[in-house]
Amino acid sequence: MGDYIRKVQYYETDKMGIVHHSNYIRWFEEARIAYMAERGYEYNKLEEKGIMIPVLGVSAVYKSGAKYGDTVRIRVQINKITAVKLSFSYEVTDNDTGELRTTGTSDHCFVDNDFKPCSIKKKMPDFYEEFCENK
């Protein structure tokens, strides 16, 4: 399964001509959703089953600035999964040069429709096993 690739849009840049830092967090989400969908676990399908995966925390370290027209590659990996939590890491590089732009992480939990923590291991053992194997 491939990395998530996207072209930098003009509106994502700031006065300095580089991508505004807040957009990397959005890109992490785009890449994470694509990562899950590639494995057959689209967010809307999980929500139909009564499972939501809210963000508990997110961080980013900026290494170099992407500019309008650049194409970036976002690699997503699972850092850790437990019955109730899931953590991802991200690496954003220039698709043409391989230059590292940003690294980051996001932490999530599994909740039901009432926003109460739930065990993904019990509710969807196939999901849990899939992501344990692909850490």
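**Before you start**

You are looking at a predicted model, in which local features need pLDDT of at least 70, side-chain atom pairs count only at pLDDT 80 or more, and totals for chains, interfaces and linings use all residues. Residues are numbered from 1 along each chain as its sequence is written, and side-chain values use heavy atoms, with hydrogens and water left out.

**Stop 1**

Side chains of opposite charge can pair when their charged atoms come close. A salt bridge here is a side-chain nitrogen of Lys or Arg within 4 Å of a carboxyl oxygen of Asp or Glu. By this rule, the model has eight salt bridges.

Select Arg-6 and Glu-30 to see one of them, with 2.8 Å from N to O. This pair links distant parts of the chain: Arg-6 belongs to strand S1 (residues 4-7) and Glu-30 to helix H1 (residues 21-38), 24 residues apart. Helices (H or I, at least four residues) and strands (E, at least two) are DSSP runs, numbered from the N terminus.

Are these two buried or partly exposed? Arg-6 is buried, at 12% relative accessible area, whereas Glu-30 is partly exposed, at 27%. Buried means under 20% relative accessible area, exposed means over 50%, and partly exposed lies in between (1.4 Å probe, protein chains only).

**Stop 1: around Arg-101**

Next, select Arg-101 and Asp-94, whose side chains form a salt bridge at 3.1 Å, N to O. Asp-94 is buried, with a relative accessible area of 6%, and Arg-101 is buried too, at 7%.

Now look at Arg-101 with Asp-70, a salt bridge of 3.8 Å, N to O. Arg-101 sits in strand S5 (residues 100-109) and Asp-70 in the loop between strand S2 (55-62) and strand S3 (71-81), 31 residues apart.

**Stop 2: a nonpolar patch**

Finally, show the surface and select Ile-25, Val-55, Val-58 and Tyr-62, which make a nonpolar patch of about 310 Å². Such a patch takes nonpolar side chains (Val, Leu, Ile, Met, Phe, Trp, Tyr) joined within 5 Å, from residues with over 30% relative accessible area and no salt bridge. Strand S2 gives the most to the patch, with three residues. Val-58 lies in strand S2 and is partly exposed, at 41% relative accessibility.

Key:
Patch = residues over 30% accessible without salt bridge, like charges linked within 9 Å, V, L, I, M, F, W, Y side chains within 5 Å. Areas by Shrake-Rupley, 256 points an atom, 1.4 Å probe, with all protein chains shown as cover.
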